[in-house]
Amino acid sequence: MTQKGNTMTDKNKPYKIMIVEDQTMPRHLFEILVEHAGDYELLYSLESASVAHIYCDKYPIDLVLMDVVMQDRSSGLEAAERIKKNHPEIKVIIMTSMPEVSFIERAKAAGVDSFWYKEGDGEGILDIMSRTMQGEKVYPAATPTITLGNIASTELTPTELEVLRELTRGASNAEIGEKLFISPTTVRSHISNMLAKTGFANRTELAIRARLEGLVIPED
Amino acid sequence: MTLFSGLWMIVLLFAGIYVLIDAIAHRHRLFALFSVLHVITCYLTVQKMIDIAMNGSLTSRVFGPIAAITVITAVMITIMYIWRTRNVSILSIKEGIDSLSDGLCYYYRDGRVKLVNPAMNSIAKDLIGQSVTDGRVLQDAVAASKDNMVRTNDGSIYRVIVNEKEFLKEPVIEIIASDITDEYAIREKLRERKSYLEHQRRRLMEVNESITDLTIEKEILQAKINIHDDLGKTLVMIRSYYAGTTSKEELLSVFDRGISLMDSPAAVKRQDDYAAVLKAAADVGIKVIINGQLPVSGDDAYVVSAAMRECITNTFRHADGDELTIDVTTNDHRDTVVTFTNNGKPPEGEIKETGGLGHLRVIAGQRGADMTVESSPRFVLKLTLLGVRRYGSFDTKGKYHD
């Protein structure tokens, strides 16, 4: 965790940035990008989303760059939602490398200002930061499409994706049905449909591939 | 007329012989008696009718009664046959028992066998090497089997049940061996399938745990690629500088960034839950005093760290304080009690558990912890963690000591 500063002219005070990224190398990369961008002052750089709101409560932060999936299991989306609820004036940009289909919708529901996929180059984030601070909400048109077996991820229905998300937790059909308020028979039917579409041999292979690709991530 | 009567008598004769043979085969004594009488009278009647036909006269004092008896026995046999097919007799019960594929055996306490069917004798031959002559020997063999299931040499599987009954006020032991070969095969397949699925499920949960690490590796790799690309751009800019198309300032700026990238700190080990919270407290100017041993891991540590975060925020945001005290004690029930207090001003009125405190109560409830909040005379948040715990301790820098 670091606190750094930058010099600016009196006319344009730099925007105060907080980075929330659990991995050292990517976090350092973002720190350097922010420092060299000129319009920004890096206030804090955190490794856990769980404490982000504490800094936002204490310091006049203008923009938070928030990763979604943290190694300590804290959720960037939950942290973003809390920050936006208590400090709607603070801009939040969600960053992720996961093509998890629900992230964009959950980010919008949480009031997140912008959303960026990390697979792009570093310059992309600077552009999004600039547009966000100008009041624009920048979201990708759609979740990145990934290949899952024989199909593109967009060929799975929303319900199938919900079932698949629970499946990756190792839940049984009964447990999935209870969570999603559908019968175990319906769950089995959805899984069978997904196996037929993707061409995977069994539900385990389907769940592992979906999880490896980051298509679905269990909420816990 | 005589010819017709003769033929009819011959038919009755052969029918009587058939019934006689059947009655002997099934040991139906009454049937056999009537059948014998019927056959004799039929024979005599036929013989007399032949004599009459040959001698041309139908009259005879003996012929009438014999013919009458023949007809009567025929009717009696028919009635008895109908009754037999529509009613269960002891012998028919025995017939049924003998034809069962399940084994049945009834014997007295001293081992004398009352009833045993062929199926049980067949099982006994595989189990004890001989037919059932002493029921106690069979029962002992069954008692030695696993889960009351016996397997015969032909691969059949029987579930054996032993009961005590009463027959004519005398205790009788009943042994029933039910053929469950097919059901057992299906059950075994289901058991293997369930075991396989459970194994796959555990593997999937393990994979899920490690996916996060894989994702982290993926992100690190991407960062390295970005750094590599940046260094590549630096080399291009050097050439461009020498070609006169790039200024010195631009080149130095790119150099500076490239050096910064190469100077990335080594990846540090993941911090535990308390380290991040304690550092945050230090950064926002809150001193955290810990008295006792905090839970090290699991649900308890999760709840306590969440409570620490809420109380840190509460201390500087609402109470204007700069010190948070955490006392860890054990109550009479060996529950761990974690109490949070601060040195700030007391709440103005009753605290409403909205936002962070409300969420904390949900977390505590989900993980089996009890939470109480006091507003007067000062703010106190108390977590009761059930059960026996073993703890290490954290210093204010977040370093763990066992």
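Helices (H or I, at least four residues) and strands (E, at least two) are DSSP runs numbered from the N terminus, and two strands are said to pair if DSSP finds at least two bridges between them. The structure described here is a predicted model, in which local features need pLDDT of at least 70 and side-chain atom pairs count only at pLDDT 80 or more, while totals for chains, interfaces and linings use all residues. Residues are numbered from 1 along each chain as its sequence is written, and chains are lettered from A, with ligands numbered from 1, in the order in which they are written.

**Strand pairs of chain B**

Strands of a sheet pair through backbone hydrogen bonds, either parallel or antiparallel. In chain B, strand S1 (residues 103-108) runs antiparallel to strand S5 (residues 170-179) and is joined to it by six bridges, and S1(B) is also joined, again antiparallel, to strand S2 (residues 113-116) by three bridges. The hairpin of S1(B) and S2(B) has four residues between the strands, and there Gly111(B) takes a positive phi near 100°.

| Residue | Bridge partner | Strand of the partner |
|---|---|---|
| Cys105(B) | Ile175(B) | S5(B) |
| Tyr107(B) | Val113(B) | S2(B) |
| Thr325(B) | Thr341(B) | S8(B) |
| Val338(B) | Leu383(B) | S10(B) |

**The five-stranded sheet**

Chain B also holds an open sheet of five strands, with the order S6-S7-S8-S10-S9 and mixed pairing. Strand S6 (287-291) and strand S9 (369-374) of chain B stand at the edges, and because each has a single partner strand, one side of each is left without a neighbour in the sheet. On average, and with direction ignored, neighbouring strands of this sheet are turned by 15° against each other, where axes are lines fitted to C-alpha atoms, for helices over the stretch in contact, and angles run from 0 to 180 degrees between N-to-C directions.

Helix H10 (residues 298-317) of chain B packs on the sheet and touches S7, S8, S9 and strand S10 (380-385) of chain B, its direction making about 180° with that of S10(B). Helix H11 (residues 355-366) of chain B packs on the sheet as well, touching S9 and S10 of chain B, and its direction makes about 155° with that of S9(B). Two residues count as being in contact if their C-beta atoms, placed from the backbone, lie within 7 Å.

Strand S7 (residues 323-330) and strand S8 (residues 336-342) of chain B pair in the antiparallel sense over seven bridges, while five bridges join S8(B) to S10(B), which also run antiparallel. S8(B) is mostly covered, since five of its seven residues are buried; a residue is buried if 20 or more other C-beta atoms lie within 10 Å of its own, exposed if 12 or fewer, and partly exposed in between, with C-beta atoms placed from the backbone.

**Nonpolar cores**

A nonpolar core is a set of buried Ala, Val, Leu, Ile, Met, Phe, Trp, Tyr and Cys residues joined through C-beta atoms within 7 Å. The largest one has 96 residues, of which Ala52(A), Met66(A) and Ile94(A) touch the most other members, and H10(B) gives the most to this core, with nine residues. Apart from it lies another core, of 18 residues, including Cys105(B) and Tyr106(B).

**A helix of chain A**

In helix H9 (residues 203-213) of chain A, Arg203(A), Leu206(A), Ala207(A), Ala210(A) and Arg211(A) are buried. These residues cover an arc of only 120° around the axis, which puts them on the same side of H9(A); the arc is that of the directions from the helix axis to the C-beta atoms.
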